[in-house]
Amino acid sequence: MGTTQPLPPQPIVPQNPVETGLPHVSEALTFGGGQLLNYLPVSCVCVSNACKPTITTKSPIVGVVDPSGNQHGSGTFSGTFGQLLFTWMIDPASDVADDSLLIETDYWQLQFQDIVQANQGTTLTESVVSGLTTATAETFSKSLGAKVNGELDAITGELSEALSQSFSRTITISSQQTVSRSTAITAQSFSQIIGLYQLMQSFQVIPGANLTQFIAQLNKNMDKGSQMCAVGTCLHSAPTTSVIFPAQSYLWVTGHDTQTSLTSKRAIMSAANAADLVKSSLQVQAD
């Protein structure tokens with residue numbers, strides 16, 4: 001633990017970026033093989049007009065987490081169509097979970113772009129939001145199977161520690177903040193397009209064959225015609241979707257239509273994420 005991860009490739013600027021615009025996202029960089037956290041999360045959603053199941057848990061399910069983040073060994077849950085009733089907590093050391101894993105996918109996402117006309121110089125400033133609110137941090141942790149309680153700083157600290165241990169390298173999850181990023185644009189004899197990119201870190205549990213079979217059995221037990229559905233309660237379980245963390249790393253990209261050389265400023269990065277940028281066809285300048 002303590003090592004830093006490389007950053008994803010810089011966005012590939014098209015041949016005529018002033019005309020076509022900059023790409024919305026860059027190519028992604030994926031880190032696989034992360035160990036599961038405190039439990040393997042599987043969401044359970046109501047798929048009938050109304051649901052009110054009474055749930056009792058047994059191995060490999062070690063509990064359930066309700067939408068408010070409270071953990072239960074058993075209980076009665078109610079909701080209407082499309083609502084998340086609870087999240088199953090599956091023992092990460094069980095046979096059901098042993099072929100599932102946690103992955104991280106990083107990419108640059110365009111937050112802002114503007115065209116600077118020929119023979120004009122300017123300074124562009126854009127406000128960018130990074131980090132998580134208390135509500136999104138709680139959702140983030142539940143979707144990854146992390147047991148976290150308390151204030152926002154405590155939640156982000158526990159998430160950072162859990163993810164760092166899982167991937168054996170430093171991952172920092174921060175609370176939400178808004179920062180302004182500026183770049184000076186030197187006047188040129190041609191029009192230029194300027195874009196500000198932010199690093200996005202996406203985390204997702206990838207289900208293995210054992211978990212897929214287990215979920216299929218859960219759904220069979222709660223599908224139409226089952227005893228539970230006969231009283232108007234149909235449930236559907238599925239692996240949790242990916243959760244995205246907007247990181248505190250940014251990249252200014254400049255392109256133009258008249259020359260082949262494109263420039264990009266070095267990303268503004270936290271120390272934990274500092275690494276050499278992939279230069280590809282872009283020249284990287286010190287910020």
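Tutor: A disulfide is a pair of cysteine sulfur atoms within 2.5 Å. Please keep in mind that this is a predicted model.

Student: Why is the sulfur of C44 too far from the closest cysteine sulfur for a bond?

Tutor: The closest cysteine sulfur to that of C44 belongs to C51, at 8.0 Å. A disulfide requires the two sulfur atoms to be within 2.5 Å, so C44 and C51 are too far apart for a bond.

Student: What makes C46 and C51 a disulfide?

Tutor: Their sulfur atoms are 2.1 Å apart. The cut-off is 2.5 Å, and the pair therefore counts as a disulfide. A search of the whole structure finds 1 disulfide.

Student: Why is the disulfide of C46 and C51 called right-handed?

Tutor: The torsion about its S-S bond is about 85°, so the disulfide is right-handed.

Student: How do you know whether C46, C51 and C44 are buried or exposed?

Tutor: A residue is buried when its relative accessible area is under 20%. C46 has a relative accessibility of 1% and so counts as buried. C51, at 3%, counts as buried, and C44, at 0%, counts as buried too.

Student: What makes up the lining of the largest pocket?

Tutor: By class, the lining has 8 nonpolar, 5 polar and 1 charged residues. Of its 14 residues, T56, W88, L218, N221 and M222 lie nearest the centre of the pocket. Strand 4 (54-56) and helix 4 (209-221) each supply at least two residues of this lining. The volume of the largest pocket is about 300 Å³.

Note on methods:
Residues numbered from 1 in each chain as written. Predicted model: local features only at pLDDT ≥ 70, side-chain atom pairs only at ≥ 80, totals over all residues. Heavy atoms only, no water. Buried < 20%, exposed > 50% of the residue type's maximum accessible area, 1.4 Å probe, protein only. 1 Å grid on protein atoms, 1.4 Å probe; cavity = no way out; pocket = protein on both sides within 12 Å on 5 of 7 lines; lining within 4 Å. Points joined across faces, edges and corners; volume = space filled by probe spheres on them. Helix = DSSP H or I, 4+ residues; strand = E, 2+ residues; numbered from the N terminus. Nonpolar A, V, L, I, M, F, W, Y, C, P; charged D, E, K, R; others polar.
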